[in-house]
Each structure stands twice: as structure tokens, then as C-alpha cells.
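Please look over the structure shown below with its aromatic rings in mind.

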Amino acid sequence: MKNYRLRCFLVAAGLMMITHSAVAANAYRTFKILQIGGTVEIRLNAEEEYRSVEPGTYDFGSQLRTGRRSFAVLELSPGYEVRMLAGSEVVLNSQDQQGGKLVSLKAENGNFDVGLDNFPKEDSFQVETPVGICGVVGTQFNISHGFLSDGYTQEIVLTCYRGEISFEGPWISTFEDTIRAGSMFRFTVLLCP
């Protein structure tokens, strides 16, 4: 009887480990759209046209955009969410890195509120913009970027609410002196036609 219980326990434990591994492996292949407001569209690959999106699960590599007066709340993994505000466009990516995952938002333009509660220490998160890359250390922040009304000047505004962020690009680097909670960093680049 004891051997039977032990075998049942070992089989159950093995199934739980397999299930946990499958869930962990899937955690970074997909992201969830938890909530939308207004016009939110998705393109699953570069050859597709944009189409309206509903809350649900989607593969990394997808491109999202929000219209005027629109937003989308994304769950990239349990414990961290991104709120895309109006007029934003982003490609969501995930890739393996040494000891964890790198989750990145490649943002063409827009405004994003990022909350990284319970962010795994072995993972990395970054926001890529045409002007540079914003790296984070377990934090809550906002990044806004896009062209100003003249059509030639691109502006990046980083606001750190909790933790630390850094920014690295061809014209500026804050890696030596990170942007800490309660700070704001504004950077503009004039692109000649």
C-alpha cells in the first residue's frame, strides 16, 4: 500500500512539474490584451493588414497600434503590464537570453505606462525607440516619444515613478547616471530632411 501511494505521489509530482514547465515555457511566447478602449488594431506579421483586436492572448512578434482617444492594457507576463495610450504603435518581442528572457517593446511612437511588479530578476525588459533604448531595473515608469509638430524634431520623455531606468542611444547615455524614482528626463533630436 505504501509503495502504491508513493508511486501515485511521484506520478502526480511529475505531472505537476511538466505542467509548470509547459506554463513557464509558454509565458514568454504569448502576451495578453487585458482591456481595450477606443480603436485598437493588431497585425500578427508584417505581411498582414491591421485588424481590430479584442482582449485575448496573442503571439509575441505582433504589432499593435492605438487610435486617438484609445488605449490597450497588455500583460507581457504575470507581474508586469504595459498600458499603451492613444496614438501609440509598438512591436512586442520576447527572446531567450542567458538565464532568463528579454522582453522588449519596439515603439515607433507613442506613450506607454509600464509597471514591472514582481519582475523576475533573471529577466530583462527594454523599450526600443528610434532614438535609443530604455533599460529598466524593477520599476514603474512612463515613456513617451514621437515627432513634434515641425515634423523634424523627435522627443523622448522618461518619467520614473519607482525604481531606476536608463537610456542609451547614439546621442546620449544615462547608464552612468540612471534616472531614479521621482525624476523626469527629456531629450529632443532634430532630424535633418
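In this predicted model, Phe-60 has a relative accessibility of 15% and therefore counts as buried, since the cut-off for that word is under 20% relative accessible area. Phe-31 counts as buried as well, because its relative accessibility is 0%.

**Aromatic pairs**

- When the whole structure is searched, two aromatic pairs are found.
- One of them joins Phe-31 and Tyr-58 in a tilted arrangement, with the ring centres 6.2 Å apart and an angle of 35° between the planes.
- This pair links distant parts of the chain, given that Phe-31 belongs to strand 1 (residues 30-37) and Tyr-58 to strand 4 (residues 56-59), 27 residues apart.
- Both Phe-31 and Tyr-58 are buried.
- Phe-31 also forms a tilted aromatic pair with Phe-60, where the distance is 5.6 Å centre to centre and the planes make an angle of 55°.
- Because Phe-31 lies in strand 1, whereas Phe-60 lies in the loop between strand 4 and strand 5 (63-66), this pair ties together parts that are 29 residues apart in sequence.

**The cluster**

- Taken together, Phe-31, Tyr-58 and Phe-60 make up one aromatic cluster, and Phe-31 is the residue that pairs with Tyr-58 and with Phe-60.

**Charges over rings**

- Arg-65 is placed over the face of Tyr-50, at a distance of 3.6 Å from the ring centre.
- Over the ring of Phe-71 sits the charged end of Arg-83, which is 4.2 Å from the centre of that ring.

Definitions and conventions
Residues are numbered from 1 along each chain as its sequence is written. This is a predicted model: local features need pLDDT of at least 70, side-chain atom pairs count only at pLDDT 80 or more; totals for chains, interfaces and linings use all residues. Side-chain values use heavy atoms; hydrogens and water are left out. Rings of Phe, Tyr and Trp (its six-membered ring) pair if their centres lie within 6.5 Å; planes under 30 degrees apart count as stacked, over 60 as edge-to-face and the rest as tilted. Helices (H or I, at least four residues) and strands (E, at least two) are DSSP runs, numbered from the N terminus. Buried means under 20% relative accessible area, exposed over 50%, partly exposed in between (1.4 Å probe, protein chains only). A charge sits over a ring if NZ of Lys or CZ of Arg is within 6 Å of the ring centre and within 35 degrees of the ring normal.
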